[in-house]
Amino acid sequence: MRQDIPDLAEVRRITQKKRDAWWTVLLVDPVATPLVRLTATYTRITPNQLTWGAFLLGLGSAVCFALGDWRWLIAGAVVYHLSFVLDCMDGKVARLTGQGSVFGAWLDFIFDRIRVAVCGVALMAGQYQRTDDALYIWLAAAVIGLDTLRYINSLEIFKIRHSMRKQIKARLREARHAEDDRELAFMEDLLRKNPEADIEQDLRKAVGEGSEGPGEGVEGPGAGAEGAAGVPKKQAQVIDLHQEFRRRFPVYLRVRSFLLRHRIRAHLVSGIEFQMGVFMIGPLFDAVAGVTILSGALLLVFELAIVYKLLLSTRDFTRTIDSFDRETVTRAA
């Protein structure tokens with residue numbers, strides 16, 4: 001038995017993400033986190049072993065789904081949720097014990113995609129055999145396609161945002177040749193780190209009160225000697241790449257701040273909620289087709305919202321770069 005595992009409150013602090021899917025926060029973490037502490041304290045189970053266990057349970061749920069009968073659908077839904085609990089535990093155990101690895105992250109991602117594909121085909125094949133309705137063939141393709149789309153879109157958006165940040169930082173380094181060094185912070189990071197400290201300022205920015213143009217020197221939330229958001233004591237130059245989105249949807253800020261205070265990310269229907277709709281809610285209520293169609297439609301709506309938010313963010317990015325160019329011309333003059 002390991003003696004260095006902290007109490008449950010500290011395990012929660014170490015292992016739980018600051019933002020996560022609402023399904024995970026409300027229905028998985030309350031079970032998974034205590035199990036993580038017990039696993040780390042009394043066993044030598046590694047994160048990769050948990051990943052394999054989640055994968056094998058996922059295959060077991062696929063077998064249940066393939067049998068098609070409503071009793072087996074319920075069994076498959078329960079086993080799938082147990083698989084998802086183990087899938088959440090592997091990362092938590094890795095963070096708690098320091099056993100995380102790059103290969104483990106790759107294995108987790110690949111097994112997740114295989115599990116969704118196998119369970120999607122098995123579930124729809126079982127329902128096709130049960131009803132002889134060709135709709136289930138199309139739904140199998142839709143489940144695999146939407147799951148793939150979600151993760152490809154997420155990866156590409158991450159790459160674009162990373163590229164925009166990299167270019168802004170490069171421009172700022174060029175500007176530092178002509179002025180004293182100044183810290184750089186992104187508004188998105190400040191909001192994520194401390195959602196409670198900056199709500200009022202965020203709302204004022206949304207309605208245009210005292211907000212400066214992108215790239216201007218702004219004292220960010222928590223900046224200064226006693227910055228609550230962890231910003232360095234030196235006044236930070238805050239870059240807000242979601243300024244236009246905030247102006248257009250000020251109500252979103254209140255909703256987002258409320259969700260963040262409860263560790264729930266604003267992307268309410270992501271890949272996790274989509275999977276749970278298809279592989280848990282649908283089978284439990286013997287309404288596979290209807291719930292799958294609804295889950296897929298909601299996933300697409302939220303993905304399109306993210307793309308639209310990215311579009312507005314690229315406009316803020318262009319204005320930020322232009323503001324650096326104007327500052328360079330002004331200093332040269």
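What share of the contacts in the protein with a separation of 6 or more comes from residues 24 or more positions apart? The share is 76%. The legends below belong to a predicted model.

**Figure 1. Overview of the predicted model and its secondary structure.** Twelve helices and two strands make up the secondary structure of the protein. Along the sequence the order is α-α-α-α-α-α-β-α-α-β-α-α-α-α. The protein has 333 residues, and 46% of them count as buried. Its accessible surface is about 17000 Å², with 62% of this belonging to carbon and sulfur atoms.

**Figure 2. Helix 3, residues 47-67.** Helix 3 has 21 residues and should span 30 Å at 1.5 Å a residue; the end C-alpha atoms lie 31 Å apart, which agrees. Its buried residues include Pro47, Leu50, Thr51, Ala54 and Phe55. Gly58, Ser61, Ala62, Cys64 and Phe65 are also among the buried residues of this helix. The packing partners of these buried residues are helix 4 (70-97), helix 5 (102-131) and helix 11 (271-284).

**Figure 3. The largest nonpolar core.** This core holds 42 residues, and Leu123, Met124 and Phe279 have the most contacts inside it. Two or more residues each come from helix 2 (22-42), helix 3, helix 4, helix 5, helix 6 (135-175), helix 11 and helix 12 (288-332). Helix 4 gives the largest share, ten residues. In soluble globular proteins, nonpolar side chains tend to be buried together.

**Figure 4. Surroundings of phenylalanine 279.** Leaving aside residues up to four places away in sequence, phenylalanine 279 touches Phe65, Ala77, Tyr80 and Val116, among others. Cys119, Gly120, Leu123 and Val143 are also among the residues that phenylalanine 279 touches.

**Figure 5. A nonpolar patch on the surface.** The patch is formed by Leu57, Val78, Leu82, Ile281, Leu284 and Phe285. Together these residues have about 520 Å² of accessible area. At least two residues of the patch come from helix 4, and at least two from helix 11. Valine 78 is located in helix 4. Is valine 78 buried, partly exposed or exposed? Valine 78 is partly exposed, because its relative accessible area is 44%, and partly exposed covers the range between under 20% for buried and over 50% for exposed.

Key:
Residues numbered from 1 in each chain as written. Predicted model: local features only at pLDDT ≥ 70, side-chain atom pairs only at ≥ 80, totals over all residues. Heavy atoms only, no water. Helix = DSSP H or I, 4+ residues; strand = E, 2+ residues; numbered from the N terminus. Expected span 1.5 Å × (residues − 1). Buried < 20%, exposed > 50% of the residue type's maximum accessible area, 1.4 Å probe, protein only. Contact = heavy atoms within 4.5 Å. Core = buried A, V, L, I, M, F, W, Y, C linked by side-chain atoms within 4.5 Å. Patch = residues over 30% accessible without salt bridge, like charges linked within 9 Å, V, L, I, M, F, W, Y side chains within 5 Å. Areas by Shrake-Rupley, 256 points an atom, 1.4 Å probe, with all protein chains shown as cover. Salt bridge = Lys/Arg side-chain N within 4 Å of Asp/Glu carboxyl O.
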